[in-house]
Amino acid sequence: MRILVKKNGPYLVFGNIPLIKERIDYDDDKYLLVWKKIASFDSKETYSLCRCGKTKNAPFCDGSHEREKFGGECVADNTPFLKKAEKTDGPELLLYDEESLCAGAHFCTRAGGTWDLVEMSDDAESKEIAIQEVKDCPSGRLVLVDKKTGGEIEPDFQPSLSLIEDGITGTSGPIWVKGRIQIETEDGVRYELRNRVTLCRCGMSGNKPFCDARHVSYEFHDK
Ligand code: FES
């Protein structure tokens, strides 16, 4: 399984990787933000997903990048995440944060925000909320380490892709890549294998191929 980022073109997906669509929305009590699965696509051995945001056949590429003269240069820093992330050191949890990867998914803002919760992680409820918030973060901007075990606290993902819809802002968001799928460019750059990352599909990110939340201000919708 792998994703090849075509130069100024789409994402080529290899290996029969499952594809679904999920929406960030409120729970039934209209209190907590949750992920809701809203669609799934027939599985295929290979397929190409739009990266420029202009396709008329979303989420798949229809060649619009050529007509639009899409400039899709991949500029993301490929330094390993743990080396470049900032740390917040709480009593029981250690938080790593790499802001350039933020996909604006909102989950980290509840109950005072993940950073404050980590600093209060000797309180059981604060610790539990911080863990849930980080597990819900699609982009991998935030990673938690349990200081007792030294292990990362990660959701258990099978390799799969999920198109994000943001029910709070009414925008379409990035492609959520789950389960350590190799992402590489045509120029031979291989990005670090990670359990969670988000790939831009609006074409506007300043941190390509990753999402940097610009789809929100750009009011991207894949129609
Ligand atoms: S999808 Fe988030 S910046 Fe493009």
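The questions and answers below go through strands, rings, cores and backbone in turn.

Reader: What kind of model is this, and how are its residues numbered?
Author: This is a predicted model, in which local features need pLDDT of at least 70 and side-chain atom pairs count only at pLDDT 80 or more, while totals for chains, interfaces and linings use all residues. Side-chain values use heavy atoms, with hydrogens and water left out, and residues are numbered from 1 along each chain as its sequence is written.

Reader: In which sense do strands β3 and β4 pair, and which residue in β4 is the bridge partner of Tyr-26?
Author: Helices (H or I, at least four residues) and strands (E, at least two) are DSSP runs numbered from the N terminus, and two strands pair if DSSP finds at least two bridges between them. Strand β3 (residues 19-26) and strand β4 (residues 33-40) are joined by seven bridges in the antiparallel sense. Six residues lie between the strands of this hairpin, where Lys-30 takes a positive phi near 55°. In β4, the bridge partner of Tyr-26 is Leu-33.

Reader: Which strands stand at the edges of the open sheet of four strands?
Author: The order in this sheet is β6-β7-β8-β9, with antiparallel pairing. Inside that order, β7 (residues 93-97) and β8 (residues 142-146) pair over five bridges.

Reader: How are the rings of Phe-157 and Trp-176 arranged?
Author: Rings of Phe, Tyr and Trp (its six-membered ring) pair if their centres lie within 6.5 Å, with planes under 30 degrees apart counted as stacked, over 60 as edge-to-face and the rest as tilted. The structure holds six aromatic pairs. For Phe-157 and Trp-176, the centres are 5.7 Å apart and the planes stand at 90°, so the pair is edge-to-face.

Reader: Why does the pair of Phe-157 and Trp-176 tie together parts that are apart in sequence, and by how many residues?
Author: Both Phe-157 and Trp-176 are buried, where buried means under 20% relative accessible area, exposed over 50% and partly exposed in between (1.4 Å probe, protein chains only). Phe-157 lies in the loop between β9 (152-153) and β10 (160-166), whereas Trp-176 lies in strand β11 (residues 171-178), so the parts tied together are apart in sequence by 19 residues.

Reader: Which residues touch the most other members of the largest nonpolar core?
Author: A nonpolar core is a set of buried Ala, Val, Leu, Ile, Met, Phe, Trp, Tyr and Cys residues joined through side-chain atoms within 4.5 Å. The largest one has 30 residues, and among the elements that give two or more residues to this core are β10, β11 and β13. The residues that touch the most other members are Leu-49, Leu-161, Val-177 and Ile-183.

Reader: Where is Pro-209 found, and which residue does a cis peptide bond join to Pro-209?
Author: Most residues other than glycine have a negative phi, and most peptide bonds are trans. Pro-209 has its place in the loop between β13 and α5. Omega is about 10° for the cis peptide bond, which joins Pro-209 to Lys-208.

Reader: What is the phi of Ala-213?
Author: Ala-213 also has its place in the loop between β13 and α5. Although Ala-213 is not a glycine, its phi is positive, at about 75°.
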